[in-house]
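User: Hi, can you walk me through a structure? I'd like to start with charged side chains.
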Amino acid sequence: MDSEFVPTGLDWLLSAARDPMLVCDGAGIIVQANRPLAALFGWAPDDLIGEPVEILVPPEARGRHALLRRHGDSARAMGSGRFTAVDCAGRTFPVEVSLTPLEADGTVLTLATVHDVCARASAEQALRDSEARMRAVFETAADGIITIDERGLIERVNPAAERMFGFAEAELSGRNVSVLMPSPDRDRHDGYLRHYLRTGERRIIGSGREVHGLRKDGTVFPMELAVTEMRIGDARMFTGLVRDITARKESERQAAALLQGLRAANEELSNFAYVVSHDLKAPLRAIGALADWVATDYAGCFDDEGREHMRLLISRVHRMGNLIDGILQYSRLGREGGTLRMVDLNAAVAEVVDLLAPPPSIVVTVAPGLPVLWTEPTRIRQVFHNLISNAIKYMDKPAGRIDVSCADEGESWCFAVADNGPGIERRHYDRIFQLFQTLAPRDRVESTGVGLALVRKIVDLLGGQVWVDSVPGEGSTFYFSIPKAHLGARMVRP
């Protein structure tokens, strides 16, 4: 059909319109199409003239569309007619079509306005997906979720809240949320909500706090509550996130009781250590003084065996005193915190070596460039003191050598104290760090067996590790690491 059958005003309308439009006759043949419609479907405008309107419908739907077209008899409002359309390249996409019947000179025509709703359909699908995800979160959340309106009436509760409080959602819907609160919170809630709505003054909205909940069976339990506010139009809604912390509170109670017990035991241990020190060292001092007096004043009365016995007696008295001092030192570690400060290990280790005054037969070498640590000075000095003094004490070579060094291992410093002494068999590596353990006979080498145990405990407190590597007959190297980040340490090379 020629365009002369299209009313003149309508021809102008199609030419001026920005929306895609077409006109078809009673047989469904396109008699006019504007440029926006041709652009939407990828056709040239003239190519559509004379084609059945089903050319714009996917092949599998054309028969059904033709049937609907033949039986249609009324105008359809925008949005009520959504179809799947197809362009000249075969791409399908959703459209909405509004139809308006026309009549000119006895000829029945139909004006179709077409809208591509791809973007809207994508947005609608995204909204549906978002709603589905939100429903999934709501339904599967481990914490209870309760929504109320500005009157405090419950709108929704999720399954976790149902299990937590023992109510079904249907039992709670429309009821005041205070039904889930024990007194006195129940009595205060409505007043607090009215006060907030009137003044905007918040107490828990926007923050979390620990409160108590009331179950259907009347039991009260501790819970964490966080409340958020949202607006839907002019209405306010509040969402409460609820977590049952009964198990956590019980754990905290048990931990507090255990901590109290540990503090009491620690105090008893401390008192015991000081009592033992006083009660043992007093008679030891008397025995030591008496033994020194006898050994001096009656030296001529002893034969060689007697003098050896007196030497052993005096030596064991001194060892016992040192052992008591070692026990006190070990018991204090971890209970008495020292002052943290920057410690230059170059100076600190030099002071330790000077204090130990090694014999001329033993050379102690300290590598230059030891780090500066933010640590407790006495403890770090004690570690070096015990390791170097052990190397001196057990040296069995006429020309002894002790080397102190440090390596940067990225997140920590690794220190080493190496000697060319007797060495240690691998089977004794763990034993030597245990309290009161020593490998040499006590009457040959004075040792309490506390020194290396103190080293391990101090290094543990500093967050590091200590270990040994040794070759029997050739020497040992004791290593210990100190994390650079220990207690927020600042560690630099001088």
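Analyst: First, the term: a salt bridge is a side-chain nitrogen of Lys or Arg within 4 Å of a carboxyl oxygen of Asp or Glu. Arg-236 and Glu-229 form one, at 3.4 Å from N to O. This is a predicted model, where local features need pLDDT of at least 70, side-chain atom pairs count only at pLDDT 80 or more, and totals for chains, interfaces and linings use all residues. Residues are numbered from 1 along each chain as its sequence is written, and side-chain values use heavy atoms, with hydrogens and water left out.

User: Why do such pairs form at all?
Analyst: Side chains of opposite charge can pair when their charged atoms come close.

User: Is Arg-236 buried or exposed?
Analyst: Buried, because its relative accessible area is 17%. The cut-offs are under 20% for buried, over 50% for exposed, and partly exposed in between (1.4 Å probe, protein chains only).

User: How many salt bridges does the structure hold?
Analyst: There are 21. One of them pairs Lys-249 with Glu-210, with the closest N and O atoms 2.7 Å apart.

User: Where do Lys-249 and Glu-210 lie?
Analyst: Lys-249 is in helix H9 (residues 246-297) and Glu-210 is in strand S8 (residues 208-214), so the pair ties together parts 39 residues apart in sequence. Helices (H or I, at least four residues) and strands (E, at least two) are DSSP runs, numbered from the N terminus. Lys-249 is partly exposed at 28%. Glu-210 is partly exposed too, at 42%.

User: OK, what about Arg-381 and Glu-351?
Analyst: Their side chains meet in a salt bridge, 3.2 Å from N to O. The pair links distant parts of the chain: Arg-381 sits in helix H12 (residues 377-393) and Glu-351 in helix H11 (residues 345-356), 30 residues apart. Arg-381 is partly exposed at 29%. Glu-351 is partly exposed at 44%.

User: Which residues do shared partners join into one network?
Analyst: Glu-210, Glu-224, Arg-248, Lys-249 and Glu-252. Their salt bridges share partners.

User: New topic. How many disulfides?
Analyst: The count is 0. The rule asks for a pair of cysteine sulfur atoms within 2.5 Å. A disulfide is a covalent bond between the sulfur atoms of two cysteines.

User: And is Cys-24 buried or exposed?
Analyst: Cys-24 is buried, because its relative accessibility is 7%. Cys-301 is exposed, at 62%.
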